[in-house]
Amino acid sequence: MSDEDDENEFFDAPEIITMPENLGHKRTGSNISGASSDISLDEQYKHQLEETKKEKRTKIPYKPNYSLNLWSIMKNCIGKELSKIPMPVNFNEPLSMLQRLTEDLEYHELLDRAAKCENSLEQLCYVAAFTVSSYSTTVSRTSKPFNPLLGETFELDRLEENGFRSICEQVSHHPPAAAHHAESKNGWTLRQEIKITSKFRGKYLSIMPLGTIHCIFKETGHHYTWKKVTTTVHNIIVGKLWIDQSGEIDIINHKTGDKCNLKFVPYSYFSRDVARKVTGEVTDPSGKVHFILLGTWDEKMDCFKVQPVAGENGGDARQRSCEAEESRVMLWKRNPLPKNAEYMYYFSELALTLNAWEAGTAPTDSRLRPDQRLMENGRWDEANAEKQRLEEKQRLSRKKREAEAVKATEDGTPYDPYKALWFKREKDPITKELTHTYRGGYWECKEKQEWTACPDIF
């Protein structure tokens, strides 16, 4: 969700952001333990740099105990597109949307396993489990990620440890859109462009990610696509916040015509069914079911092979999945959360490492974003002031681009609107959508430390 826009200044955003004390924030004496508020950011960077790259960090400063009157801000937002409402960092977690998008790769080994499958229908089962696994991190994550600035990037280089590396870039500001490209030496490529739209409905908040995810396996040329389901945050006004996922996902193999339909069952207080349930069917091009998938999006996914048995009329009848217990295969199980995760925004082991400072990244990398770093270190008042500065800087850049566009149209010179640096906008041959695909060059520039083309966004 993006946080700012010129047209929104009637919401008195600067007052919300710069005077958080007026909104009832109280800081207790023990809140800042571990927040390193006395150490300068530069010193912290140096300290983090001294830690070897191999040793991933296992904790971050505990979340300060700020209270916030949610309703005082949210009552102005009912029915509105939340990407246009300025929000203080008090609603955030210390990660950007680009880092959250990278978290989709937490269970990358499912794609490694899928790449080794000789049977395309079995491969589809693992791709489906990977699709579901990306929601497991959301179950307790009720804070929102930082909305990336236009041109912000995030890289994750796990080539040595896990065989893949990933690059994300914020390619559009309104509507907010991020492009992501990940490649693995284990034979798969994952790419997506995700636009987030959100609406506050009073009691709950709906988050609708738009855009297609592509997964391509090099050896077979199998090309899968799917879209994300709707995320709902409940009890915005009263009670404990909780998150649900609901909707259907169709994963299609465009080479073979195989398909998997996944159903995310919305939670119902009156249902005896297991909460967060996901069911699925893997079918061949003729519509015949070969595998049944069953599980929950926060815990695990199992797969059952469908055995045809003789029907009453001599034909084949489908055996029910619960009767095929001996064919059960556990495709995916969620990793346990780290110790004391409840004090660290319920981050997974991967999430705890994402904002750890690394040498050599692009100057636009989310790890270098100052308001996010201040917030991670428990210095929320300073983070809010810094966030306002960055948003104002972004606003001025946009006004400058708009003025250049007007001038260009007046004197007839061709004018190029904003273009992403590492991704190019083109029509996807499979989905026919206009989408941003990786143009290449990022890792080569990192190798040479040649970042002159990067915009100054921080």
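A polar contact is taken here as a pair of N or O atoms within 3.5 Å, where, within protein, one atom must be able to donate a hydrogen and the other to accept it, and where residues adjacent in sequence count only if both atoms are side-chain atoms. The structure is a predicted model, in which local features need pLDDT of at least 70 and side-chain atom pairs count only at pLDDT 80 or more, whereas totals for chains, interfaces and linings use all residues. Residues are numbered from 1 along each chain as its sequence is written, and side-chain values use heavy atoms, with hydrogens and water left out.

The protein chain has 11 helices and 20 strands, assigned as DSSP runs numbered from the N terminus (helices, H or I, at least four residues; strands, E, at least two). Of its 458 residues, 52% count as buried, a term that denotes under 20% relative accessible area, with exposed meaning over 50% and partly exposed in between (1.4 Å probe, protein chains only). Among contacts (heavy atoms within 4.5 Å) between residues at least 6 apart in sequence, 61% join residues at least 24 apart.

D298 is found in the loop between β14 (289–296) and β15 (300–305), and its relative accessible area of 8% places D298 in the buried class. The side chains of D298 and R276 are joined by a polar contact of 3.1 Å. When neighbours within four places in sequence are left aside, D298 is in contact with S136, V139, R276, W332 and R334. From C-alpha to C-alpha, D298 and N335 are 10.0 Å apart in space, with a separation of 37 residues in sequence.

A search of the whole structure finds 4 cavities of 30 Å³ or more, and the largest cavity holds about 100 Å³ of space. Of the 13 residues that line the largest cavity, S136, T137, R334, L337 and S348 are the closest to its centre. A cavity is a set of points, on a 1 Å grid over the protein atoms alone, where a 1.4 Å probe fits but cannot get out, and lining residues have an atom within 4 Å of a point; grid points are joined across faces, edges and corners, and a volume is the space filled by probe spheres set on the points. By class, the lining of the largest cavity has 5 nonpolar, 5 polar and 3 charged residues, with Ala, Val, Leu, Ile, Met, Phe, Trp, Tyr, Cys and Pro counted as nonpolar, Asp, Glu, Lys and Arg as charged, and the others, Gly among them, as polar.

Q123 is found in helix α6 (residues 120–133) and counts as buried, at 1% relative accessibility. The side chain of Q123 makes a polar contact of 2.8 Å with the side chain of H222, and a polar atom of the Q123 side chain lies 3.0 Å from the backbone oxygen of A114. Not counting residues up to four places away in sequence, Q123 touches A114, A115, C117, F217, T220, H222 and Y224.

The structure holds 13 aromatic pairs. The ring centres of F217 and Y224 lie 5.9 Å apart with planes at 85°, so this pair is edge-to-face, and both residues are buried. The rings of Y345 and F347 form a tilted pair, because their centres are 5.6 Å apart and their planes stand at 35°; Y345 is buried at 5% relative accessibility, and F347 is buried with a relative accessible area of 2%. Rings of Phe, Tyr and Trp (its six-membered ring) pair if their centres lie within 6.5 Å, and planes under 30 degrees apart count as stacked, over 60 as edge-to-face and the rest as tilted. Ring pairs also link W422, Y442, W443 and W451 into a cluster.

Terms used: On a 1 Å grid over the protein atoms alone, a cavity is a set of points where a 1.4 Å probe fits but cannot get out, and a pocket is an open set with protein on both sides within 12 Å along at least five of seven lines; lining residues have an atom within 4 Å of a point.
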